[in-house]
Amino acid sequence: MSAPGRIAEQFARLADEGRCGLVTFVTAGDPDRATSLAIVRGLAASGADVIELGIPFSDPMADGPAIQASSSRALAAGATMATTFAIARDFRAEDSRTPVVLMGYSNPVYAFGLDAFVAEARDAGVDGLIVVDLPPEEADPLAVAARTAGLDVIFLVAPTTGEDRMARVLENAGGFAYAVSITGITGTKRASTDAVARAVARVRKHTSLPVAVGFGIKTPAQAATIAGVADAAVVGSAIVERIAGHLDAHGRAGDDLVPAVLGFVGELATAVRAPARPPTGASARKWSASR
Amino acid sequence: MEQLNTYRAGPDEKGHFGEFGGRYVAETLMPLVLEVERAYAEASADPAFARENDHYLTHYAGRPSPLYPAERLTAHLGGPKIYFKRKDLNHTGAHKINNCIGQALLARRMGKRRIIAETGAGQHGVATATVCALFDIPCTIYMGAVDIERQAPNVTRMKMLGAEVRPVEVGSATLKDAMNEALRDWVANVDTTFYVIGSVAGPHPYPMMVRDFQACIGLEVRNQIWAAESRLPDVLVACVGGGSNAIGLFHPFLDEASVRMVGVEAAGRGIDTPEHAATLSRGRPGVLHGSRSYLLQDADGQILEAHSVSAGLDYPGVGPEHSWLKDAGRVEYVAVTDDEALEAFHLCTRLEGIIPALETAHALAQTRKLAATLSPGDLVVVSLSGRGDKDLENVSRLAAAEEDA
């Protein structure tokens with residue numbers, strides 16, 4: 001058996017601290033490579049516990065307008081898969097502890113080549129992969145390659161995922177289970193706390209992995225609510241909207257962009273550390289590093 | 001290339017045609033896609049569904065459409081005998097209605113209360129809006145802003161039929177972006193909404209289901225050519241964007257080794273320029289809109305914008321079964337340019353009194369080229385996939401620009 005990865009270790013630490021984690025999403029290379037790297041470098045110090053790095057794609061079908069625009073900005077600034085790996089590698093050179101998860105769509109991954117992709121990702125210090133349009137039915141080739149390279153493949157569980165399908169979705173899952181809180185694309189609707197609590201409880205019946213909740217969390221207050229029921233809250237669209245909000249008329253990063261983004265991440269981090277209500281029932285379970 | 005016993009067995013139970021096809025969608029959609037698959041399997045085993053579908057195809061869409069011997073074109077080209085399969089005479093002026101009737105009946109059977117669709121040239125949007133008017137189902141059509149501009153008459157038709165037309169401004173603002181938006185809508189409205197995909201693209205079961213709904217084209221041609229000539233045709237020619245009219249014509253003939261099949265893509269300004277839509281001629285396999293197929297993409301896996309004078313062929317992907325048929329060597333895929341298609345458009349209009357759609361004009365342009373290589377005894381069936389009324393403004397504008405140049 002290989003040693004527990006950074007993702008398992010991080011969730012074990014969170015359990016020891018008795019708190020919910022914060023997973024932050026930004027697109028690699030948005031709005032440009034240097035600014036993107038500066039943001040990623042600052043995320044952990046601002047309180048992010050897991051870093052999701054989006055692989056830019058021309059046709060992000062599962063994403064709402066904020067992340068679509070983020071992907072377009074990165075591509076317009078010349079981002080390629082090499083940019084994504086470079087940002088991960090530079091981050092890893094400075095931070096050996098915070099897990100990095102790449103999140104993207106099948107085509108850029110296949111275009112790079114599965115084996116080359118997982119090898120390069122591992123060398124860049126990446127810990128996990130989320131490929132949004134790769135359901136378990138099509139995921140075997142990637143799952144096998146990733147496991148060989150020691151990378152966790154993280155699967156999404158949706159409100160539409162029935163009980164009969166849950167085991168199938170989670171059987172090859174690693175890292176954490178990603179519970180999609182809304183029926184929709186990223187950054188659009190907002191889920192009720194009760195619905196999120198039910199969704200998390202449903203996922204826990206089928207896996208011992210930590211459960212992160214995402215897709216509809218836009219404010220520190222919402223993140224605090226999620227912290228009461230899940231092991232981690234994922235925030236993406238609201239962060240990349242902060243990037244969009246601090247561009248000049250030519251679409252270039254203003255001086256205040258990085259501090260504004262990291263300041264917002266800091267607010268989210270504070271919020272998840274002070275949940276709106278104490279963890280209850282199954283959600284208060286502890287994770288051990290030996291798991 | 002190994003000769004297979006049958007080319008008609010696909011897809012397998014996971015929706016794969018060899019390495020192509022499949023279901024590459026987000027988990028939120030996956031249960032829905034499986035639900036459509038189950039519902040379609042039940043419906044296709046139910047004689048009542050087939051009877052209902054046949055009823056509307058016959059009495060509403062006007063099937064079977066004629067197989068017309070194009071006498072003047074045959075004489076003009078001086079080679080093989082050319083037949084037109086007159087899908088332009090179907091209700092709404094193209095083959096698209098066949099698929100829309102089938103999918104709308106399925107949506108109704110599944111209890112879905114709302115229909116969405118994407119459209120490029122507007123033919124599929126019009127057909128969907130038409131069937132939704134008939135069955136009294138609210139419908140929303142996603143259409144790229146660029147396509148709305150160049151296919152204005154169809155936008156008017158959709159609106160008159162009661163559809164909401166939502167312009168898509170992102171990306172290249174054409175068919176692929178309309179399909180992205182339709183998929184996003186579907187993810188957000190899974191309980192109520194059925195997505196009527198217009199071509200043999202998308203996740204399984206769509207490529208199979210749309211093919212089955214279009215296979216009436218080839219089945220009719222079989223009967224009609226036997227009645228007229230007492231033999232099978234030698235060559236079938238059809239244009240390929242997503243590829244639904246081509247697969248509908250080809251599929252019933254795939255196991256007839258004597259029948260040569262030619263799929264015609266849009267070469268735009270030329271396949272050696274960046275501005276074309278020749279996915280099978282110039283693309284590489286990849287994943288877009290739910291299935292693995294040939295795609296126009298850059299080295300980094302970003303989808304490229306396609307170009308064609310014809311909005312219906314302006315798509316950087318192609319149905320997965322066509323990718324498989326290409327690699328299996330069963331169907332030849334070629335590409336003709338905007339200029340060649342426009343010439344064929346005018347030729348057909350003047351010689352036969354039939355104004356073809358610009359998509360169809362690509363198949364006609366290739367027929368011209370083929371005619372020079374075939375003999376007078378040969379029989380060619382060209383898929384007259386749609387009528388050109390929607391393109392008149394666009395063609396006039398191009399002709400005027402030509403004169404100015």
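Colleague: Lys81(B) first. Buried, partly exposed or exposed?

Modeller: Partly exposed, at 32% relative accessibility. Keep in mind that this is a predicted model.

Colleague: Which side chain does Lys81(B) meet in a salt bridge?

Modeller: Glu229(B), at 2.8 Å from N to O. Glu229(B) is partly exposed too, with a relative accessible area of 21%. The cut-off for buried is under 20%.

Colleague: What about Arg184(B) and Glu181(B)?

Modeller: Their side chains form a salt bridge at 2.5 Å, N to O. Both lie in helix α8 of chain B, residues 175-188. They are three residues apart, about one turn of the helix.

Colleague: Arg184(B), buried or exposed?

Modeller: Buried, at 4% relative accessibility.

Colleague: Which residues are joined into one network by salt bridges that share partners?

Modeller: Glu137(A), Arg165(A), Arg168(A), Glu171(A) and Glu27(B).

Colleague: How many salt bridges over all chains?

Modeller: The structure holds 45. One of them pairs Arg19(A) with Asp49(A), at 2.8 Å from N to O.

Colleague: What does that pair tie together?

Modeller: Parts of chain A that are 30 residues apart in sequence. Arg19(A) is in the loop between α1 (6-17) and β1 (21-27). Asp49(A) is in the loop between α2 (33-43) and β2 (50-54).

Colleague: And are those two buried or exposed?

Modeller: Arg19(A) counts as buried at 17% relative accessibility. Asp49(A) is buried as well, with a relative accessible area of 5%.

Colleague: Staying with charge, how many positive and negative side chains in chain A?

Modeller: 27 positive and 31 negative. The centres of the two sets lie 6 Å apart.

Colleague: Zoom out. How many helices and strands in chain A?

Modeller: 12 helices and nine strands. The radius of gyration is 17 Å, close to the 19 Å that the globule rule gives for 291 residues, so chain A is as compact as a globular protein of that length.

Colleague: What does the C-alpha trace span?

Modeller: About 50 × 40 × 35 Å along the principal axes of chain A. Buried residues make up 60% of the 291 residues.

Colleague: And the accessible surface? What does it come to in chain A?

Modeller: About 10400 Å², of which 53% belongs to carbon and sulfur atoms.

Colleague: What share of the contacts joins residues at least 24 apart?

Modeller: In chain A, 76% of the contacts between residues at least 6 apart in sequence.

Colleague: What is Thr128(B) in contact with?

Modeller: Leaving aside neighbours within four places in sequence, Cys100(B), Ile115(B), Ala117(B), Ile141(B) and Val196(B).

Colleague: And where is the place of Thr80(A)?

Modeller: In the loop between α3 (65-76) and α4 (81-94) of chain A. Thr80(A) is partly exposed, with a relative accessible area of 31%. The C-alpha atoms of Thr80(A) and Phe57(A) are separated by 9.2 Å, and the two are 23 residues apart along the chain.

Terms used:
Residues are numbered from 1 along each chain as its sequence is written. Chains are lettered from A and ligands numbered from 1 in the order in which they are written. This is a predicted model: local features need pLDDT of at least 70, side-chain atom pairs count only at pLDDT 80 or more; totals for chains, interfaces and linings use all residues. Side-chain values use heavy atoms; hydrogens and water are left out. Helices (H or I, at least four residues) and strands (E, at least two) are DSSP runs, numbered from the N terminus. The radius of gyration is taken over C-alpha atoms; the globule rule is 2.2 Å times the number of residues to the power 0.38. Buried means under 20% relative accessible area, exposed over 50%, partly exposed in between (1.4 Å probe, protein chains only). Contact means heavy atoms within 4.5 Å. Accessible areas come from the Shrake-Rupley method with a 1.4 Å probe; for residues, only the protein chains shown count as cover. Lys and Arg count as positive and Asp and Glu as negative; His and the chain ends are not counted. The place of a charge is taken as NZ of Lys, CZ of Arg, CG of Asp or CD of Glu. A salt bridge is a side-chain nitrogen of Lys or Arg within 4 Å of a carboxyl oxygen of Asp or Glu.
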